[in-house]
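Here are my notes for a colleague who has not seen this structure before. Please read them with the view open.

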Amino acid sequence: MALSRKVGLLAGAKYKGGGPMLAWALHRISGLGIILFVTLHVIASFLTQQMGSDLGISINIFYESIYFQLFIVFCAIFHGVNGFRIIVLDIWPRLIRYQKESTWLEWFVILPLYLLTAFIMIRRFLAG
Amino acid sequence: MQVTLKIFRYNPEEDRKKHYDTFTLEAEPTDRVLDLLERIKGNQDGTLGFRRACAHGVCGSDAIRINGVNRLACKVLVQDLKTRQVVIEPILGLPVEKDLIVDMEPFFDHYRSVMPYFVNDDPPPAKERLQSPEERERFDDTTKCILCAACTTSCPSFWVNGKYVGPSAIVNAHRFIFDSRDQAAAERLEILNEQFGVYRCHTIFNCTDACPRDIQVTQAIGEIKKALAKGSLD
């Protein structure tokens, strides 16, 4: 009997697709991160404002922590810039020939934008 | 130089699970990975199963994963690998029948589903159906496909759902959709506009990188997406 066609997460992740595959995976992860943030925000607001529950405040403390905020800022910036890159390639398929260059260009935009934002956030956090 | 090959093994008559066997052999930098597999089969383990036919990058029989990426075994030289430790595995997303041999039938089912043949109901002209060089150029890139399945089996969308027609079928549809002499573009576009058609492509680009014929696979898919969105082939 033949082995199943199923491809596990580990087997898929081991495929060496390079930068574009990493960008695709990060697009999914960052999308999930944004959904998590919005969900937590809605739940915390509801619990705090409608129920007067302390659980809402606890969730607030979690998603307003510097670590979570740094993660969410990365998610938002990456998802936005990568999404823009995909839209451009979708509208002008002839540019797909330069997809590797477009991935590099994307990181040239994301990294300074993120590092500058993270620097300001961390400086404010350390200043109390 | 000495090269070590770690090869995926599965014998349906003996094994319940996959395992890896390691072979060490002498190789020249200009040897192809296919040469190494032939030498192992000839001198070390005659039970090793893999496909090959022309051995010159034309028939597309020997698509396998070499060090984690889809390639034709007959087109990769030892010196291109940049390492002496080589991991050889079957392509992903198709049932493994034995060692490096996969069942290609699901792949060919998708290929057949996009009507990969010329359709023109007009009476044939006396000599030939004429086409300008510009019209021929429009689909030149996608005529090069050799149906090796390297692109389709490198696609995470296909790994997740085998119903997705896959890059290769779309490339072969592109070859006829943009052929000015063909008359079935609308039917093919309708097929590719279905749930498991072109919109399963998430521009991951593994297919373009894996293609041994350097076809701009993702661009071809993008052109079909655009044709569907615009409702015209211009």
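1. Start with a buried pair. Arg65(B) and Glu89(B) are both buried. Keep in mind that this is a predicted model.

2. The two residues also pair with each other. Arg65(B) makes a salt bridge to Glu89(B), with 3.4 Å between the closest N and O atoms. Arg65(B) sits in strand E3 (residues 63-66) of chain B, and Glu89(B) sits in strand E5 (residues 85-89) of chain B, so the bridge ties together parts that are 24 residues apart in sequence.

3. Over all chains, the whole structure holds 18 salt bridges. Side chains of opposite charge can pair when their charged atoms come close.

4. Look next at Arg136(B) and Asp140(B). Their side chains meet in a salt bridge, at 2.9 Å from N to O. Arg136(B) is partly exposed, at 32% relative accessible area. Asp140(B) is partly exposed too, at 33%.

5. Now take Asp179(B) and Arg181(B). Their closest N and O atoms are 2.9 Å apart, and the two form a salt bridge. Arg181(B) is partly exposed, with a relative accessible area of 23%.

6. Some salt bridges share partners. Through them, Arg9(B), Asp21(B), Asp45(B), Lys98(B) and Asp99(B) join into one network.

7. Turn to the nonpolar residues. How many residues does the largest nonpolar core have? The number is 76. Leu5(B), Ile7(B), Leu37(B), Ile88(B), Leu192(B) and Ile224(B) have the most contacts inside this core.

8. Which element gives the largest share of this core? Helix H8 (residues 217-230) of chain B does, with six residues. The core also draws on two domains of chain B: at least three residues come from each of domain 1 (2-102) and domain 2 (105-230).

9. Leaving aside residues up to four places away in sequence, Ile224(B) touches Ile170(B), His174(B), Ile177(B), Phe178(B), Leu189(B), Leu192(B) and Val198(B). Of these neighbours, Leu192(B) is itself listed with the most contacts inside the largest core.

10. Another core, of 13 residues, lies apart from the largest one. Its members include Leu70(A), Ile77(A), Ile110(A) and Met121(A).

Note on methods:
Residues numbered from 1 in each chain as written. Chains lettered and ligands numbered in written order. Predicted model: local features only at pLDDT ≥ 70, side-chain atom pairs only at ≥ 80, totals over all residues. Heavy atoms only, no water. Salt bridge = Lys/Arg side-chain N within 4 Å of Asp/Glu carboxyl O. Helix = DSSP H or I, 4+ residues; strand = E, 2+ residues; numbered from the N terminus. Buried < 20%, exposed > 50% of the residue type's maximum accessible area, 1.4 Å probe, protein only. Core = buried A, V, L, I, M, F, W, Y, C linked by side-chain atoms within 4.5 Å. Domains from an automatic or database assignment. Contact = heavy atoms within 4.5 Å.
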